Amino acid sequence: MTCIGHKVPSPTTKWTDDLVAGHRFYRGPRTGTLCAQGPRLRVTKDSGSVCRSPLHNFLYLNKAGAPAPPQSASCCEPTKMVAKELSGTEVARSVQDEIRAQVSAMRAKLPDFAPRLAIVQVGGREDSNVYIRMKLRAAEDVGVRADHIRLPREITESQLLTKIQELNESPEVHGVIVQMPLDCEHQVDAHLVTDAVSPLKDVDGLNTVNEGRVSVGDMTGFIPCTPAGCIELIKRSGTTIAGSRAVVVGRSRIVGTPVSELLKWHHATVTVCHSKTKNLSQVTKEADILVVAIGQPELVRGDWIKPGAVVIDCGINPIPDPSKKGGQRLVGDVCYEEALRVAGYVTPVPGGVGPMTVAMLLRNTTQAAARALARLTAPAWPLSPLPIAPAAPVPSDIAIARSQKPKDINVLAEEIGLFPGEVSCYGRTKAKISLTVLDRLRDQSDGKYIVVAGITPTPLGEGKSTTLLGLVQALGAHRGRNAFACMRQPSQGPTFGVKGGAAGGGYSQVIPMEDFNLHLTGDIHAVTAANNLLAAQMDARIFHELTQKDSALYDRLVPRIKGVRKFSPIQLRRLKRLGIDKTDPNSLNDEEKTKFARLNIDRKKVMWNRGRNKVRIGIEIWTGTGFETERKNRIMSESGTETQTEKAVARDRYQDSNRKLESKSGSNRDWIETRYLRKITVGQSPTEKGFTRETAFDIAVASEIMAILALGTNLDDIKERLANMVVALDTSGNPVTADDLGMTGALMVLLREAVEPTLMQSLEGTPVLVHTGPFANIAHGCSSVLADRIATKLAGGKGYVATEAGFGSDIGMEKFFDIKCRVSGAQPHCAVIVSTVRALKMHGGGPPVTPGAPLHDVYVKENLELISKGVCNLGKHISNGNKFGVPVVIAINKHGNDTQAELDAVRKFALDNGAFRAVICDHWAKGGLGALDLADAVIEACEQPSSFKFLYPLELSIQDKIKQIASEMYGAGQIEYTDEVLEKIKVFTEKGYDKLPICMAKTSNSLTGDPSIKGAPVGFTLRISDMFVSVGAGFVVPMVGEISKMPGLPTRPSIYDIDLNTKTGEIEGLF
C-alpha cells in the first residue's frame, strides 16, 4: 500500500527481495537507498541516513535492516503529510452567508417579501424529525420562512396529493419538499408523490421533470440538493472538474445518478459503479474525483483510493460502538481514517455532505423566490401578442372574432403574473380571478389609471368600447407595455335587440365575443337570483307577520333544534341594533320578543322590486300579448280615422309615440317600454289570504346589488353594503334593511363567484377584465372597483389600466370620478373621450339617427357646416374632463364615410378648446396599429403631474351637490324639484344620507333632461321628478324626467336572425 505524498516506483524500477520478509524493495533515487513496500508498511534503507514518520506509518531501516529513530528526510521526498478535511459545515456556512445576503436584497425591493419553504411530513419518524428541525433552524438563520406541515399517518395517497396541489397553487409558497421516507399506514407511491410537487417549486430537485433536465444538461430547473452539494464541495476544494476522471459509486435516483450527470456536464470523464461492477477497487483507484453513495459502512478502503484524489462520502450509516452513549456511531461509505492517509481531500461523516444538502435546499428555495420576485417586479410581462391580418373591406365582427384562435386562458394568466390557484377556468377562454391576488400584490405599485368615456352619443354608439380595446391593444401588443382593459359585462338585451353587443368591434374587440355578449360566467344571473331571493323573503315576512301572533312568530324565528334554542349571528346583530343586550332567546321579555320578531313593513313603502335580465323579460312580454296592437288602436281612435287627414295625423302620432318610448328608456338601445312588468300586483293567489300589494320588475343591472358588486372594495365591504340595503320602511317610517330580513349571508353565498372578475382577452391577446354591469343612466355606470384594483396591481407601476365609464362625460365619467374614485381612493391619470364625426353632425342639427334604419345622406357625405355647429358638444365634454384636473385626450374614432377634412376639423377644434392631445384613430379597421397615436398620447398624458380633484365635497347639502353637477357638467341654469322630492330630501338629510355622493339618473341622449335636445345648451332648467337612496351602494339618486328601469324589445329584434347551427355548434346571426 502506497502512503500519501510518496512517489510510486516507475515501471523500470528494479525490485529485490531481501531484508524484510514479505516486503519488496527497490533501489531509490539516491545511491545506497532501498525502499520497501508492503500491505501496511513502506520501508526505506539508506546507508548512513535513517528516519521514521509516525504520521505516515513509515518505517526506515538502518544498514542492518533494523528500525531506527527519525533523524533526517528520506529519499522518498514526501510532498503532503495528510489529506485535507473538506468540511461541509464550513462550506455550508459560506453558502448560507450568500443566501442571507440574497434574502436581504429581496427585502430591499419588497419589504414584506421573503422566500417561503413548505416541508411536508407524513407521520412522525424521529429521524425525520431530526432532519426537519435542522432544516427549520437553517432556514430561520438565513431569513427563509419554513412551514412544517404535519400530516397524520392515516392520510391516504389522494389526500396527500391534494395537499401538495394546494401548496403548488399557493403564490405565497416558493418551495415544497416532502420528507422521506413517508411514515404512512396506507400504501403510498413515493415516486408519484415527488412528481406531484410542481417542477417550479420542487426545490428538492426530485420531480422527474427536473431530473430529466439535469440529464440533458439543462440546469434551469432545480438540481437535487445532495448532488448539488457534492459539486459545490468539489469546486471549493480547488479541483478542476473538467478533464478529470470521476468515479461515482452508487446509481440511486436521489444521489448517484444525478451527481454523475452533473459531473458529466462539468466535463469530467465519468464512470458509474454499482453492485454489479467488477474489480470495483481497481476502478475507484483510477479516480481523480471519487463520489461514494452506496449505503454500506466503510466499504471503500484506503487502498481503493488514488493518491491525491478528492473523496466525497455521501453515506451516513450507524454502526455499533459501545463507547458511545447511544451504543452506536455514524460512519460514511468510506473508511475515513484510511482515506486520510491517501486522498488529497476527503469529507467527514457527519459534517460533510449533510450540511451541504441543507444549504443547497435553501439555495434552491431562494432561487425559486428570486424567480417569483423577478416575475413580480418585471417591467413588462412576457406577453405573446396574437397576430392579426386586417382585411379590407372589414368583415363582420363575428367573422373577425372567429378568425382568431384565442390563447388558452391559463397561458394568458401565467403571462400576466397570475398563479394557478388564483385562476378558476370556465372552459379555455375565460376564467374567474381570485381576490387573493390583491393580498399577494398589496406592496406592488399601481399602474397608470385611464378612464374612457364619450361625448353625447347617437343611438348607434360612438365606439367607446372599441376605442378602449384598440388603446390597450396598441399599448400591450405594439408598444410593449403592460396594459389591461376593464369592461362591464353587457346584459343580453342589446344582443337580442337592435344595437348589438358590447365587445367592441372590427379588429378591436374581446374574444370570444359570443361568450362575452351572452351569459359569460353567469354573474348577472347571480345578481338576479340574489335580488329575487331578497324580494321573496320580504314578501314572506310580510305575510307571516300578518298571519301570526307575536309569540308564535318569535318561536318560529328562533326554534328549538334538538332541544337547543339559540340566535343565529345575523339575529344577534339585529338584537344589537335594537339595543337588546341579550344572547339567550329564553331571556327576552314579551316586549323584547315582539320588538325583535316584528319588522312591521309598510306594504305601501316597499322599495325593493324583483329583477330579471332584460331580454328574458322582453321575450315573456312580447310573446302572445296584444299590447302593441292595443296601443296603436288607442292612438288611432283618439285621433280619429274617418278622413285621410285624420288617418295621417294618427299615423304621425303613433310614430311619434314610438320615438318617445324609445327615448324614454334612456338606454340608447332602441327599447319599447314593457309596461306590463313596470307595475304589477302580487299576492292574488287565495293562499295569500287577500294580502296583495303593487310592485314592479327592474332589469338586473339596475339592481342595487349590481351597484354594490361594482363599488365594493373587498368581501367585507360588499357584505356590509348588502346588509345596509334599505328595502322598505316600517309603519313608523324607519328603514328596514336586508340584514333585518336575515338575508346578508344568503346573498353573499349566491354572489360568492360573482364577486370575482372574469379574465378574457382582446383580439390581439392582451388581457381584459370583465366585471359587473351597472347602467350609467340609472346607476353609476362603471366596471368594478375590484377589477380595476386587480388590473392596476398586475400591470405594475409602469403599466396601464384603461377602464370604461358609460355614455358621456356628463354621466358615466362624472360618476366614475365622484363616486367610484371616491370609494376606491384611486387617482386617475388621464381621461380619453371618444368622439365621432357622425355624432357631431347630429349635434349640429343633423336628422335623427335610428338603429336599424339607413343613415341620412348628411352622415355619409362631407358636411363641415354641420360639424362646425356640433363641435360645441365636444367642447363641453373636454371642459367637463378638465374640471377634474386630469389631462383630456380626444380619440376621434374614424368611420368609413369620414373625410380627412372633417377629421382634421374635429382635431383642430379639440386642440384649440382644452384637449391635451387629439388623435385620429383607425383601430376598428386596423386593430392596435390603428391606435398607436392614441397610445402615445395616453402615455404622454399619464406622465403629467396629477392634479385630480372631485367636483364637489361630500359636506355639501344634497341640493348643492345636485346644483354643482347640473351647472358644471350639464350647463343647467336652475333646478326645479317637486314637493315630493323636497320632502324626501328633508327625510334623507335627517337620516344622514345627505353626506352620500349623488348619482344622477338622466337620459344619455342629451346634456339636458330632454333626449331630443342636442348640442350643448346652457341656462336651461333641470327638473328633478323623483329621488331615492341606495344606502348599500352609497349614493342618492335624483331622477331627471322619466327613466325606465325595465326596457323591452323593439318590433323587429335581432332574435329573428339568431340561431344555433346544430351541426357545427356555432351561433349564427350575431353582428
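A: Let's begin with one term: a residue is buried when its relative accessible area is under 20%, exposed when that value is over 50%, and partly exposed in between. Please keep in mind that the model is predicted.

Q: Thanks! Is Lys430 buried or exposed?

A: Lys430 has 12% relative accessibility, so it counts as buried. Its salt-bridge partner is Asp515, with the closest N and O atoms 3.0 Å apart. This pair links distant parts of the chain, 85 residues apart: Lys430 sits in the loop between β17 and β18, and Asp515 in helix α16. Asp515 is partly exposed, with a relative accessible area of 24%.

Q: How many salt bridges does the count come to?

A: A salt bridge needs a side-chain nitrogen of Lys or Arg within 4 Å of a carboxyl oxygen of Asp or Glu. By this rule, the count is 54. One of them joins Arg153 and Asp183, with the closest N and O atoms 2.9 Å apart. Those two residues are 30 residues apart, Arg153 in the loop between β8 and α3 and Asp183 in the loop between β9 and α4. At 32%, Arg153 is partly exposed, while Asp183 counts as buried at 16%.

Q: Where do Glu804 and Arg488 lie?

A: Their side chains meet in a salt bridge at 3.5 Å, N to O. Glu804 lies in strand β34 and Arg488 in the loop between β20 and α15, so the pair ties together parts 316 residues apart in sequence. Both Glu804 and Arg488 are buried. Salt bridges can also join up: Arg573, Arg574, Arg577, Asp739 and Asp740 are linked in a network.

Q: What about rings: how many aromatic pairs are there?

A: Here the angle between the planes gives the pair its name: over 60 degrees is edge-to-face, under 30 is stacked, and the rest are tilted. The structure holds nine aromatic pairs. Phe817 and Phe884 make a tilted one, 4.4 Å centre to centre with 35 degrees between the planes. Phe817 belongs to helix α29 and Phe884 to the loop between α31 and β36, so this pair connects parts 67 residues apart in sequence. Phe817 and Phe884 are both buried. In the case of Phe948 and Phe950, the planes stand at 80 degrees and the centres are 5.3 Å apart, so that pair is edge-to-face. Phe948 is buried at 12%, whereas Phe950 is partly exposed at 33%.

Q: Which charged residue lies over the face of Phe916?

A: That is Arg917, at 4.3 Å from the ring centre. Likewise, the charged end of Lys1002 sits over the ring of Tyr970, 4.8 Å from its centre.

Q: Why is helix α25 largely enclosed?

A: Eight of its eight residues are buried, so the rest of the structure largely encloses α25. Among them are Glu704, Met706 and Leu711. Ser703 caps the N-terminal end of α25, with a side-chain oxygen 3.1 Å from the backbone nitrogen of Ile705.

Q: And on the surface, which residues form a nonpolar patch?

A: Val130, Tyr131, Met134, Ile316 and Leu330 do, with about 400 Å² of accessible area together. Helix α2 gives the most, with three residues. Leu330 comes from strand β15 and, at 38%, counts as partly exposed.

Note on methods: Residues are numbered from 1 along each chain as its sequence is written. This is a predicted model: local features need pLDDT of at least 70, side-chain atom pairs count only at pLDDT 80 or more; totals for chains, interfaces and linings use all residues. Side-chain values use heavy atoms; hydrogens and water are left out. Rings of Phe, Tyr and Trp (its six-membered ring) pair if their centres lie within 6.5 Å; planes under 30 degrees apart count as stacked, over 60 as edge-to-face and the rest as tilted. Helices (H or I, at least four residues) and strands (E, at least two) are DSSP runs, numbered from the N terminus. Buried means under 20% relative accessible area, exposed over 50%, partly exposed in between (1.4 Å probe, protein chains only). A charge sits over a ring if NZ of Lys or CZ of Arg is within 6 Å of the ring centre and within 35 degrees of the ring normal. A polar contact is a pair of N or O atoms within 3.5 Å; within protein, one must be able to donate a hydrogen and the other to accept it, and residues adjacent in sequence count only if both atoms are side-chain atoms. Patches are made of residues with over 30% relative accessible area and no salt bridge: like charges are joined within 9 Å, nonpolar side chains (Val, Leu, Ile, Met, Phe, Trp, Tyr) within 5 Å. Accessible areas come from the Shrake-Rupley method with a 1.4 Å probe; for residues, only the protein chains shown count as cover.
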